[in-house]
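Dear colleague,

I am passing on the structure below. My notes on one residue and the sheet around it follow.

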Amino acid sequence: MADVTRRLFLRHLRGAPTSWVRHHYRGRVRREGIGQSFWYRPLTAVLSEVPVDDRELPLLFHAHTADFADVTVQATVTYRVADPALASARLDFSIDPRTGRPRSRPLDQIATLLAELAQQPALDLLARVPLAEALTGIAPVREAVSAALRDEPRLADVGVAVVSARVVAIRPEPELERALQTPTREAVQVQADRATYARRAQAVEQERAIAENELQNKIELARREQQLVEQHGANSRRKAELDAAAELAAAQGKAEREKVVNAAAAERARVLASAEAEKERTLTAARAEGVREVGLAEADAEAAKLSGYAQLPAGVLQALALRELAGQLPSIGQLTVTPDVLTDLLTRLAPGGGSGTSAGGDPGP
């Protein structure tokens, strides 16, 4: 909308770069164009302002398909006033010269015309196709609307040009839409389930592969452990053999050493025994010689003793014998001497009494 300012009895209009303004004075055109700025008298001026920018017209209308289904069509039409002079001549774009406000609403008329012109081809096309084709056939509806608006002479008569026509959506009633979505939803759910099952199967396959890999690893570890045990056993057996061989060698060496030691000990014992035997023979010979000498000395002494006894009388010899006998007898605690014993003893001790007595008590010769 143009800006109108007041200066006494004059008005000043300053237009916009997207508005076309025409100034009539006394039935003649004084000024017209885009971006006008001028002074005028409100009592004698007739002003028209036509917007020439692109405008969006949203459309929302209902239609019936060939199978009597109600659908809602959502479209958008972009248009502009291509011939503002023609449009101002055919539609009321006048503004109040005192305030600059429009006297009518010509853009609503253009919007109504565009809505009717856009709906008609869409309704005709949707009435010939079933619901499924209508829901999937947005492009034919858009092309039909664009062609109808492009070739419409009434728009050219009012100086309006359609820039583009877009069909945003064609939707059925909510219940019908949910019913139509059910197969698709089920199919999607089936695909989702199939994908889930496939993922689970793949997961199971991967788990199986992992389990097989773990089993193979366990088998390999068991095989290597068996090899390790066998190698350990072989090493232990080899060590035992080496230890046995070492012990055998040590035993043989010890036996050889003991044999040498025993031989040396035997030789030493033999030498010692020989020396001991020689010593014993020497000692024995010396003892025998000593004994012989002692025996000879005793024999000589005994002979000398006997020779001395031979010179003694018989009574002395008997007295000596009694003394010797008394020395060999045990001790006598009590001795009873009877007259008979004493008489007999005295008789025997008397000189010549013992040898002259006979066995019957008679004296001998």
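Asp-70 and its sheet

Asp-70 sits in strand β8 (residues 70-81); strands here are DSSP runs of E with at least two residues, helices are runs of H or I with at least four, and both are numbered from the N terminus. This is a predicted model, in which local features need pLDDT of at least 70 and side-chain atom pairs count only at pLDDT 80 or more, while totals for chains, interfaces and linings use all residues. Residues are numbered from 1 along each chain as its sequence is written, and side-chain values use heavy atoms, with hydrogens and water left out.

Asp-70 counts as partly exposed because its relative accessibility is 21% (buried is under 20%, exposed over 50%, partly exposed in between; 1.4 Å probe, protein chains only). Leaving aside residues up to four places away in sequence, Asp-70 touches His-62, Ala-63, His-64, Pro-172 and Glu-173 (contact: heavy atoms within 4.5 Å). Its C-alpha lies 9.2 Å from that of Leu-176, 106 residues away in sequence.

The open sheet has three strands, ordered β7-β8-β10, with antiparallel pairing (two strands pair if DSSP finds at least two bridges between them). Its edge strands, β7 (55-64) and β10 (160-172), each pair on one side only. β8 and β10 are joined by eleven bridges, and Arg-80 stands opposite Ala-161 in β10.

Helix α4 (residues 138-150) packs on the sheet, touching β8 and β10, and its direction makes about 155° with that of β10 (axes are lines fitted to C-alpha atoms, for helices over the stretch in contact; angles run from 0 to 180 degrees between N-to-C directions).

Regards
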